[in-house]
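Please consult the sequence and the structure while reading.

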Amino acid sequence: MQNWISLLSDFKAKQQPIAFITVSKCLGSTPCVVGSRMIVTKDKQIYGTIGGGKLEFKAIDEAITAINDNRIIASSYTLGPEFEQCCGGKVEFIIEPMNQSPELFLFGAGHIGVEICKLLVDTPFKVNLIDSRDDWFSNLELDASIATHQTTETDFKTFQDVVKWGSNSYVLVLTHNHAIDFDIIAMALQNQTKFLGLIGSKTKKVRFNNMLIKEMAIPEGMTNVVCPIGLDIGGDTPKEIAISVVAQLLQVHYKSLAN
């Protein structure tokens with residue numbers, strides 16, 4: 001039938017989001033067999049088949065959900081009257097979203113920010129390190145996989161344009177300037193993110209919360225911002241804080257795939 005490895009490689013090379021459906025169990029009379037596969041794109045183009053008819057239409061709809069939510073879906077259907085079939089068999093399949101790597105936009109290339117970047121090498125995350133200080137990156141040794149972005153404090157649009165907002169977007173704010181931190185948080189709250197985190201104390205969180213409500217007319221304030229960032233594992237060196245933050249990012253990512 002289909003050369004699945006070649007097809008999947010083509011979609012990966014283009015970084016085109018898809019859902020890969022695999023039939024994992026067939027009981028009784030069914031229009032497919034275990035191992036039947038199908039690829040579904042965001043615009044509902046399909047490659048392969050899992051038997052056609054209403055079962056396939058259901059699978060396509062669930063595949064779009066899997067792509068949009070970036071999560072694995074396991075489904076089971078009994079082929080009765082609802083599917084206009086009388087075979088009465090049962091089909092189970094798994095839908096896997098692909099080519100939607102989580103992408104981190106980390107504002108602030110200080111000690112902790114650099115340590116976070118180092119720890120995220122060889123994880124699912126694409127990492128973007130962003131800083132507004134002149135020639136800051138010339139003194140840093142970073143893995144080739146880390147994308148760096150020089151922004152301009154006098155033109156805040158450069159901060160907004162560097163982020164690919166959406167359901168795969170993770171934003172961490174760790175700059176050298178509290179005023180810049182606040183502006184980025186206010187900007188991010190008006191865009192879609194998967195995770196938005198701010199380094200700082202509880203006092204900083206309360207202050208930012210009041211400013212967001214009173215000055216920016218953002219009624220939820222800091223409700224949707226993780227502050228302070230990182231899991232409570234102890235340790236206060238830059239590397240230890242970075243470990244706690246990376247653990248939190250990975251936890252959020254893998255939990256979202258399982259839900």
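A residue is called buried when its relative accessible area is under 20%. The model discussed here is predicted.

**Strand β10 and its neighbours**
- Both faces of β10 are covered, with Phe195 and Gly197 buried on one side and Leu196 and Leu198 buried on the other.
- In a regular strand the side chains alternate between the two faces of the sheet.
- Strand β10 pairs with β9 in the parallel sense, over four bridges.
- Within this pairing, Val171 has Leu196 as its bridge partner in β10.
- Together, β9, α5 and β10 form a right-handed β-α-β unit.

**Nonpolar cores**
- The largest nonpolar core comprises 25 residues, and those with the most contacts inside it are Phe107, Ile185, Leu196, Leu198, Leu212 and Met222.
- At least two residues of this core come from each of β6 (103-107), β9 (169-173), α5 (178-188), β10 (195-198) and α6 (202-214).
- Helix α5 supplies the largest share of this core, seven residues.
- A second, separate core has 21 residues, including Leu104, Cys117, Leu174 and Leu249.
- Leu198 touches residues beyond four places away in sequence, among them Val173, Ile185, Phe208, Met222 and Ile229.

**Gly52**
- Gly52 lies in the loop between β3 (46-48) and α2 (53-69).
- Gly52 counts as buried because its relative accessibility is 18%, against a cut-off of under 20%.
- The C-alpha atoms of Gly52 and Pro31 are 7.7 Å apart, with the two residues 21 residues apart in sequence.

Key. Residues numbered from 1 in each chain as written. Predicted model: local features only at pLDDT ≥ 70, side-chain atom pairs only at ≥ 80, totals over all residues. Heavy atoms only, no water. Core = buried A, V, L, I, M, F, W, Y, C linked by side-chain atoms within 4.5 Å. Buried < 20%, exposed > 50% of the residue type's maximum accessible area, 1.4 Å probe, protein only. Contact = heavy atoms within 4.5 Å. Pairing = 2+ DSSP bridges. Right-handed = clockwise from strand over helix to strand, strands pointing away.
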